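This report looks at aromatic rings, the charges placed over them, and the packing of helices. The sequence and the structure are shown here.

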Amino acid sequence: MKKRNVPFGYQYQNGVITTHPQEVAVLNRIFSEYQKGMSLSEIASRLNDENIEYQTGVTGWNKSRIMRLIEDVRYTGKDGFPAIIDEDTHQTMMEIKAQKNTQHSTDRNHEIFHIDVPVICPTCGHEMIRRHDSRFKKCQQRWICSNADCRTAIHKADSDLLDDITVLLNRVIVNPELANAIKLSAPKDPGYRAGR
């Protein structure tokens, strides 16, 4: 796939970077929808549904591409590019992005990030991935199976998981023969949810 020579919204005319009117209209739409609260996925999906091209013959809109456009400071007139939006609009979008960031309060020094063995899915045996979302009030942590065909999800607070690991390790210390027999299983509590 041919790569763009200039950011989306711009073109070369007689060797000079100018705005691309059709792409500027798409950018203004993206920026407006984002400021109105539409998610990156929703914006990308709409653009793909309408077959709006990112470049000639290519649609392929996704969350990452939309976020790169939203973050790109060149649209404010930096680095020799003509301004498409003002700095206040860009700043507003950066504030929206910060508010939507559910990982901003994550402490990467927390004990949970020092677990260097995989957490295994009790349903299919694939590795599980930790997710944190501060929008959930009851339990902000969940573990999602990395197997796309399984996607088992277990809602379990970090503190509870670390307590469970401590209990299991203490059992193994007392009974070393258990080391070969321990197999973690999904908890039988209401926090457990299988499927998507």
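## Rings, charges and a helix pair

In this predicted model, the charged end of Arg74 sits over the ring of Phe81, at 5.3 Å from the centre of that ring.

| Charged residue | Ring | Distance to ring centre |
|---|---|---|
| Arg74 | Phe81 | 5.3 Å |

Across the whole structure, a search finds six aromatic pairs. In one of them, the rings of Phe8 and Tyr54 have centres 5.6 Å apart and planes at 10°, and because planes under 30 degrees apart count as stacked, this pair is stacked. Phe8 lies in the segment before strand 1 (10-13), whereas Tyr54 lies in the loop between helix 2 and helix 3 (63-71), so the pair ties together parts that are 46 residues apart in sequence. Phe8 is buried, with a relative accessible area of 1%, and Tyr54 is likewise buried, with a relative accessible area of 15%.

Turning to the helices, the axes of helix 1 (residues 21-35) and helix 2 (residues 40-49) come within 10 Å and cross at roughly 145°, and the crossing is right-handed. Helix 1 contributes Val26, Arg29, Ile30, Glu33 and Tyr34 to the contact, while helix 2 contributes Leu40, Ile43, Arg46 and Leu47. By class, this contact has six nonpolar and three charged residues, with no polar ones.

Technical notes. Residues numbered from 1 in each chain as written. Predicted model: local features only at pLDDT ≥ 70, side-chain atom pairs only at ≥ 80, totals over all residues. Heavy atoms only, no water. Axes fitted to C-alpha atoms, helices over the stretch in contact; angles between N-to-C directions. Helix = DSSP H or I, 4+ residues; strand = E, 2+ residues; numbered from the N terminus. Left-handed = near helix turned anticlockwise from the far one by under 90°. Contact = heavy atoms within 4.5 Å. Nonpolar A, V, L, I, M, F, W, Y, C, P; charged D, E, K, R; others polar. Phe/Tyr/Trp six-rings, centres within 6.5 Å; stacked < 30°, edge-to-face > 60°. Buried < 20%, exposed > 50% of the residue type's maximum accessible area, 1.4 Å probe, protein only. Lys NZ or Arg CZ within 6 Å of the ring centre and 35° of its normal.
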